[in-house]
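Subject: Handing over the structure

Hi,

Here is the structure I promised to pass on to you. Have a look at it first, and then read on for what turned up in it.

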Amino acid sequence: MTDRAATADHLAGYADIVAAACATGRRLSRDELESRQAEGERAAEAGLPLHGLIRDHLAAAQTVRPTPSSPGPLLSVLEQAVDAFVEGYERAQQQAVRQEEAARREFVDDLLYGGSDLGRLAERAERFGLRLSQAHAVAVAAGPEPYGDGYRVARGIETAVLTRFPGRQILLTTKDGRLICVAPGDQPDVLAFFAKQAYAATDGGRVAIGRSHPGAGGVVHSYEEALGALDIAERMGLDGPVLHAVDLLVYPVLTRDRQAMSDLVESTLGPLTTARGGAQPLIDTLTAYFDSGCVATEAARKLSLSVRALTYRLERIHTLTAADPADPVNRYTLQTAVIGARLLGWPGISD
């Protein structure tokens with residue numbers, strides 16, 4: 001059916017309704033209004049442009065001939081009929097938007113959690129601009145305030161990315177208060193730009209970028225890597241607004257055998273819990289010392305201590321643990337245990 005024929009179909013009976021109302025000067029009945037609303041819904045579902053439909057309504061009304069002395073009823077009835085038609089049209093559009101949003105949200109959930117048949121997921125992905133036969137990488141932005149669909153900041157970042165990279169296969173969405181960008185794995189410039197925009201748009205935000213992985217399951221893998229990078233950065237107190245999962249692979253390796261790491265932490269650092277003030281100040285001392293390349297003056301500056309006070313703490317650690325932070329062999333064990341303590345949240349608040 002052509003657009004003109006479809007328009008004529010939606011105008012069927014319209015002129016008769018208007019003429020009947022004008023003949024007595026009455027308002028349109030409830031049934032008449034509902035019929036026009038229903039036609040508006042059908043027109044929207046058919047994808048017909050609203051401005052053309054309204055123009056055709058006005059043209060059809062010209063066939064109705066009110067009495068020369070009383071043009072008012074025609075204008076009033078025409079307004080009622082068009083308003084009802086537009087109301088139905090907009091209602092159908094809003095329903096379509098809600099359905100599209102629901103479908104998109106369901107797809108995003110399945111995509112990021114891997115809870116759907118991968119073959120079916122790949123078919124659905126093309127509807128949202130992704131080809132899951134390719135490799136993809138995921139960037140996750142976490143801000144001081146949760147991101148949500150439609151939030152001004154999230155909309156601004158999405159607009160900037162899509163404007164900068166028109167026609168690219170990019171998916172931007174929100175999940176659990178974070179802003180997420182999925183892009184082809186061979187286009188790191190997209191995720192780098194996304195990270196820059198997300199950081200610039202927030203005060204204190206941070207972005208983690210997962211590695212590129214192939215297939216539908218690759219999106220889940222990259223997303224989990226990005227989430228893991230954010231978690232590691234929080235636990236380890238890592239600086240920097242942009243984190244790359246590839247640079248942090250050592251941390252999940254260290255905690256892969258959680259029990260073994262817990263045993264190392266307890267056996268190596270456990271004696272520090274007997275120190276006055278608990279273990280945490282001494283762990284912080286070791287962290288600053290190792291992060292400073294074992295340069296005492298730099299570590300002391302980071303801790304706002306004198307070099308003498310720092311040296312005393314290091315000697316105290318040596319006494320309690322029998323491991324010398326200045327000895328290369330002992331240093332590796334201590335540093336690994338300190339990293340493990342931070343990843344495991346040891347010794348905890350109670351300590």
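Before the first finding, a word on angles: helix axes are lines fitted to C-alpha atoms over the stretch in contact, and the angle between two of them runs from 0 to 180 degrees, taken between N-to-C directions. Please also keep in mind that this is a predicted model.

**Two helices side by side: α7 and α8**

Start with helix α7, residues 152-164, and helix α8, residues 188-201. Their axes come within 10 Å and cross at roughly 150 degrees. Angles over 145 degrees count as roughly antiparallel, so α7 is roughly antiparallel to α8. The crossing of the two is right-handed.

Who makes the contact? On the α7 side you'll find Val153, Ile157, Ala160, Val161 and Arg164. On the α8 side the residues are Val190, Phe193, Phe194, Gln197, Ala198 and Ala201. Sorted by type, the contact of α7 with α8 has 9 nonpolar residues, 1 polar and 1 charged.

**Aromatic pairs**

Phe193 of that contact turns up again here. The count of aromatic pairs in the model comes to 2.

One of them is Phe165 with Phe193: the ring centres are 5.6 Å apart and the planes sit at 85 degrees. Planes over 60 degrees apart count as edge-to-face, so that is what this pair is. Phe165 lies in the loop between α7 and β2 (171-175), while Phe193 belongs to helix α8, so the pair ties together parts that are 28 residues apart in sequence.

Tyr289 is buried at 7% relative accessibility, and Phe290 is buried at 9%.

**Another helix crossing: α12 and α15**

Phe290 leads on to the next contact, where it is one of the residues of α12 that meet α15. Helix α12 covers residues 280-291 and helix α15 covers 328-344; their axes come within 10 Å and cross at roughly 120 degrees. This crossing is left-handed. From α12 come Ile283, Leu286, Thr287, Phe290 and Asp291, and they meet Arg331, Leu334, Gln335, Val338 and Arg342 of α15. By type, that contact splits into 5 nonpolar, 2 polar and 3 charged residues.

**Two buried residues to look up**

You'll find Arg36 in helix α3, residues 30-45. Its relative accessibility is 1%, so Arg36 counts as buried. What does Arg36 touch, leaving aside residues up to four places away in sequence? The list is His10, Leu11, Ala12, Tyr14, Ile17, His57, Ala81, Ala84 and Phe85. Gly88 is 52 residues away from Arg36 in sequence, yet their C-alpha atoms are 7.5 Å apart in space.

Leu48 is the other one. It sits in the loop between α3 and α4 (50-61), and at 4% relative accessibility Leu48 counts as buried. Along the chain, Leu48 and Tyr89 are 41 residues apart, with 9.7 Å between their C-alpha atoms.

**Backbone details**

- Trp346 and Pro347 are joined by a cis peptide bond, with omega at about 10 degrees. Pro347 is in the segment after α15.
- Ser304 is not a glycine, but its phi is positive, at about 60 degrees. Look for Ser304 in the loop between α13 (296-303) and α14 (307-321). At 68% relative accessibility, Ser304 counts as exposed.
- Ala322 has a positive phi too, near 65 degrees, and is likewise a residue other than glycine. Ala322 is placed in the loop between α14 and α15, and with 61% relative accessibility it counts as exposed.

That's everything from my side. Happy browsing!

Cheers

Methods: Residues are numbered from 1 along each chain as its sequence is written. This is a predicted model: local features need pLDDT of at least 70, side-chain atom pairs count only at pLDDT 80 or more; totals for chains, interfaces and linings use all residues. Side-chain values use heavy atoms; hydrogens and water are left out. Helices (H or I, at least four residues) and strands (E, at least two) are DSSP runs, numbered from the N terminus. Angles under 35 degrees count as roughly parallel, over 145 as roughly antiparallel, 65 to 115 as roughly perpendicular and the rest as oblique. A crossing is left-handed if the near helix is turned anticlockwise from the far one by less than a right angle, and right-handed if clockwise. Contact means heavy atoms within 4.5 Å. Ala, Val, Leu, Ile, Met, Phe, Trp, Tyr, Cys and Pro count as nonpolar, Asp, Glu, Lys and Arg as charged, and the others, Gly among them, as polar. Rings of Phe, Tyr and Trp (its six-membered ring) pair if their centres lie within 6.5 Å; planes under 30 degrees apart count as stacked, over 60 as edge-to-face and the rest as tilted. Buried means under 20% relative accessible area, exposed over 50%, partly exposed in between (1.4 Å probe, protein chains only).
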